[in-house]
Structure formats: structure tokens, C-alpha cells
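Here is a short tour of one protein chain. Look over the sequence and the fold first, then read on.

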Amino acid sequence: MDAGQLEMLVVLEPHMQAITVPAGSAIFRAGDPSDAIYVIDAGDVRVEVRSHEVDTDAVLEFRGPGSFLGDTGVLAKLPRWTSAFAHTDVEAHRVSADGLRRVYEESPVEGLAILRALSRDTAARAERAARQLADHLSDDQPDPEVERLVAGAVAAQRAFETWPEDRVDALLKDIAGSIAGQAEELARLTVEETHIGNVAHKVLKINFASLGVYSYLEGKPGYGVIREDAARKVVEMASPVGVVVGLVPVTNPVPTFVNKALIALKARNSIILSPHRMAQGVSRVAGEIVQGALARHDAPPDLVQWFEKRTSRKQTAKLMRHADVGMILATGGPGMVKAAYSSGKPAIGVGAGNAPAWVAPDADVEKAAAAVMLSKGFDYGLICGSEQHLVVDASIREAMLAALQAQGAVVLDAAETAQFVAAAFTGEGDLHMHFVGQSAATILEATGLGREGDPGLVVFQADAEEPGRAMAHERLAPVLSMFTVDGDDEAIALCRYLLDYAGAGHTANIHTEDEARIQRFAREMPASRILVNAPSAAGCCGMATGLAPSLTLGCGTFGGNSTTDNVTHENLMNIKRLAYVTV
């Protein structure tokens, strides 16, 4: 802090209010009126731009002691255009805009000095931002941390590549069992750090991503000859892609971490994981468990590495563009996936889910309602392949509503729906970020529609003639829209529209016993997974269906992805074909 800033603080002292902001709390949010400036005394403040993507990094910068906050909006008399959150516990002083005005009125000379000091601070930040942008556009200098991680990963992968299958499986079994053995603690730490989701359900998800994925991999070839076609005289041989970069979302940090590590190692690759900044603590704990298993099997420790400290977008971009990186596995929001595809490296990205669930006239409504409750209520709706919209035939509407209520869902009427949509969603139709991964009871209470007990789902009414915005978007929460349709043609058209509106390529669900109806639905849906009479969250990832167990689910060209697969080790191989003469 320079002399001019110190002098300004002396003048402002009578108008300052000392405040303490606990870690994770908002100091102000984008769109709020610019009613004060803040002087940070202790702690770190995270400044974010507005984003409705949970897993896309929206952090603009961090500010520490001696920094000013919020002065640009006050000077310009404009609403806040960024949000500021206490990244750690923060101590600060608040000076209201009214307090500043009084200084100008009572002491114009001192008021002018304050104005100049704030203007200089704003100009200095603008200059730093311009330099950072120029550096980002022109910087081709290596990042020391990235170079260290990649060099270690390259050496480890080369040493590991020729391990025999039984030795690899023994290592993977140990990793999976060790993570599963700590599932309850990892689930608790996840919720404590991210503040989203349900601990008990996260235990199940961690067990699935570790033991479930391992059971699928066990005994399968991951290197060398994997298939032979005697008639065509073609032998397929697998080689590693080398160093894999795995992006880890905040919604499923531990399951994604272990799932990606297992499939990368099965295909004889090394992996560097980049956890979301809100899940770095629990990712470190999971990584240390994996490191213990590597040590027990005399495996190179650099086979599985991760960023342990806060990373910048620039650093992550350098990692993804590194010459020695073979492939990127991007699980997260569209922004994250776009960054991976823009890196110039082969990448497997996954798109957003927006799954419609058609409940056809012949459906067993009790079973359908139970499946929806099991799925959309699981981990407070954080699996993107869970049902987002119920498309119910008018002939069974009342029966379906009764079945949902019997399962513990709160079904809102038209007036309650209007109140709920106004309070829970933005004007663009996105669920407010602070409702992501929260319980139905919490969301209902916050929107003024609280209920007694512990409801599992919120179901609100939607207009099939005007589907859009809040009614048609994905929501990572136990919140469902319900459309009423008349007949198969209307139902299929609406399901297709909802997928095209937001989330094409991921998953679509049908509840019926009519095979012809199932086949028509499958033909007409732009989705990679068509689920039949299944809970969508458990079905799409292979937990309740025969699909490959995975938490990285491709959406194909429907959703701008490179594959429709439930991504597993076979997606992380170079497959060579040994071909003999047949004529």
C-alpha cells in the first residue's frame, strides 16, 4: 500500500466499519448495487465473473491484504459486474458510498484526494489485466510446475508400459479397494469442502467408481494383443496414448479422480489430474491414498499426479498443450470441454445432460415414480444424466402425480410453480448456483415454499406449448419440470425439442412396455444412451444397466463430443492392426 493509499485510509477512518467474512461467504455478488468499497486487512478474496456452469472456472483474480475491492462500481455508479467471495476467512473495513459522499461534501480537498487514489488503483488494475492478457497471448515460456509433472509422467509411463496384465490388475484392485475403504471419510470431506451433495450417496458413488469400475476392467487386456479375427487375418494390438490429462469436476471429485486413474493405468498410461479449485483438498487425500497403493506395488509414483495448489487457467492450458501430453479427458461444464478441445490435443469431452423421461400411457406409474425418485434424488441431483424433465401422457397424469407424492416428492401447483421459478432461477432460466447440489427441503425453504418432513424432490408444472428457459434447462439439483402431453407424437416431439434446446447427445429415458414404442423413441432421440424403465442416474453410468461403468459419458456429435461411449480404458489406447495377406 503506497503513501497516498495510507493517507486516504486515515481520512476515511471515521466512516469505516470493521467486518469479518467467513470463508466461502459472498462479500457481494454480480448485479448487486455498488453501495460500498472494501479494504482487505487479512485473508484472500476470490473475484469471479458471472457463470452458470458449475465446473467451469469463473475466477478472475485473487486479492489479498492491502487491496481495495468494489471501488470501480462505486466510482462509475454501476451495479457490480463481478462477485467477490471470501476464499479464506477475511477481515476487512467497509466504507459505504454514502460515507464517501459525506467526505466529499464536508472536505472537498480530501474528497478529491480520495477520488484520485481510487482512480489510480483502478487504473493500475486495468493495466495489470492488460499485461496479463498480452502475456497470455504471447507467452511461450514453459511453466516449471507443468514441466515437472509432465517429465515425471513421461518417465513413469515408459517404466510401466510393459507390466503384465496380472500385475496391473493387482495394482488396480489395491487402488480401488483402498479408495472404497475410505469412502465414508472421502464423502464427508467432499461435502465439507464443496458444500454440495449428500454424504451417504457420495459413499455409494465412490464405491461404484472404484470397485465397480475395477470389476469391469479386471481380466480385460489393456496392452498388446486385444482381439484376433482369424477369418480376416487381422490382429488388433493396443499401445498406450502416453500421458493423459484428466480434468476433475467439483460435482464428483473423488469418483472422477479414481475412475480416470483406473482406466488410464489399465491402458498403461500415466495421468495428471487437475481438480476443480473447490475440491483440491479432498482430491489431495484421494491422491495420497492412490500413492500408497502405487508404493505397495513398486509402481513409479509419478504414474498418478495432480495439481496440489491453486492453478490458473493459463497453467492448465499450458498443461493441456504440452508436447508430451497424449490425450485429455475433460469431465465438466461446456467451458471446460471447449478449453480441452481448443488445446490442439486429442481430447474426449462430455456434454451437459438434459434428459427427458417419457412416461408413456402404458407405463407402470408406481415403478416409474420410484425410479425417478431414486435417480433424481440421488446425491441431490448432481449426476447430469439424471432426469431433468418428466413428459407424462395426459391419460396417466393424475396417477403419476399421486405416485410421485407417495414417493416423497413435492408437486407444486400453478401458483406455487410461478413463485418457485421466480425465486429459484435466473432470468435466462438457469438454476441459481447456490441451489446446486442442495436438498429439496433447503431449496423449498429458500423459495418460500417450505414443507414439513424431508421431501426428496421438487416437481413443478411446465407448459408443453411453450417450453423454454427454466422449464427446459438442466438442473444439478433435486428439481424436475413436468410436462403433460397428448399422445406419442407430441411426447416424442417434446423430448427431442428438450434435448436440442440444451443437452443434446447425453441421455433420454422412456417408461413403457411397448417394444415398438421403445424402438421408435430410440430412433428419433438425439441421445447416446436410451434408457428403458430405468432410473436415469444409475442407468446412464452403468450402475443399473449393462453399459460400461463410467462417470465420463460422451455425447457424440449430437453434443459436440468425439464419442458416444461410456468412456473406459479402450478409449485411452492406440489400437494397431496387424494385417496378413488374404489373397
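## A serine in a loop

Ser386 sits in the loop between H13 and E17. Helices (H or I, at least four residues) and strands (E, at least two) are DSSP runs, numbered from the N terminus. The model is predicted: local features need pLDDT of at least 70, side-chain atom pairs count only at pLDDT 80 or more, and totals for chains, interfaces and linings use all residues. Residues are numbered from 1 along each chain as its sequence is written, and side-chain values use heavy atoms, with hydrogens and water left out.

Is Ser386 buried or exposed? Ser386 counts as buried, because its relative accessibility is 0%. Buried means under 20% relative accessible area, exposed means over 50%, and partly exposed lies in between (1.4 Å probe, protein chains only). The side chain of Ser386 reaches the backbone oxygen of Ile383 at 2.8 Å. That is a polar contact: a pair of N or O atoms within 3.5 Å; within protein, one must be able to donate a hydrogen and the other to accept it, and residues adjacent in sequence count only if both atoms are side-chain atoms. Leaving aside residues up to four places away in sequence, Ser386 touches Ala355, Ser375, Lys376, Gly381, Ser536 and Ala537. Contact means heavy atoms within 4.5 Å.

## The seven-stranded sheet

Seven strands form an open sheet with parallel pairing, in the order E18-E19-E20-E17-E16-E21-E22. Strand E18 (409-411) and strand E22 (527-532) are the edges, each pairing on one side only. From one strand to the next, the twist averages 25 degrees. Two strands pair if DSSP finds at least two bridges between them.

Strand E16 (residues 355-359) and strand E17 (residues 387-393) are parallel and share five bridges. Pro356 stands opposite His389 in E17.

## Helices across the sheet

Helix H13 (residues 365-376) lies across E16, E17, E18, strand E19 (457-462), strand E20 (479-485) and strand E21 (505-511). H13 runs at about 165 degrees to E17. Helix H17 (residues 488-501) lies across E16, E17, E20, E21 and E22. H17 runs at about 170 degrees to E16. For these angles, axes are lines fitted to C-alpha atoms, for helices over the stretch in contact, and angles run from 0 to 180 degrees between N-to-C directions.

Asp364 has its place in the loop between E16 and H13. Asp364 is partly exposed, because its relative accessible area is 34%. Which backbone atoms does the side chain of Asp364 reach? One is the nitrogen of Glu366, at 3.2 Å. Another is the nitrogen of Lys367, at 3.1 Å.

Asp364 and Glu570 are 206 residues apart along the chain. Their C-alpha atoms are separated by 37 Å.

## Cysteines without bonds

How many disulfides does a search of the whole structure find? It finds zero. A disulfide is a pair of cysteine sulfur atoms within 2.5 Å.

Cys495 is buried, at 0% relative accessibility. Cys540 is buried too, at 0%.

## The four-stranded sheet

A second open sheet has four strands with antiparallel pairing, in the order E2-E7-E4-E5. Its edges are strand E2 (26-28) and E5, each pairing on one side only. Neighbouring strands here are turned by 30 degrees against each other on average, direction ignored.

Strand E4 (residues 45-48) is covered on both faces. Val45 and Val47 on one side, and Arg46 and Glu48 on the other, are all buried. Four bridges join E4 to strand E5 (residues 59-63), and the two run antiparallel. Val45 has Arg63 as its bridge partner in E5. E4 also pairs with strand E7 (residues 83-86), antiparallel, over four bridges. There, Val47 has Ala84 as its bridge partner.

## Helix H5

Helix H5 (residues 144-160) has 17 residues. From its first C-alpha to its last, H5 reaches 24 Å, close to the 24 Å expected at 1.5 Å a residue. The expected span is 1.5 Å times one less than the number of residues.

Asp143 caps the N-terminal end of H5, with a side-chain oxygen 3.0 Å from the backbone nitrogen of Glu145. Buried residues in H5 include Val146, Leu149, Val150, Gly152 and Phe160.
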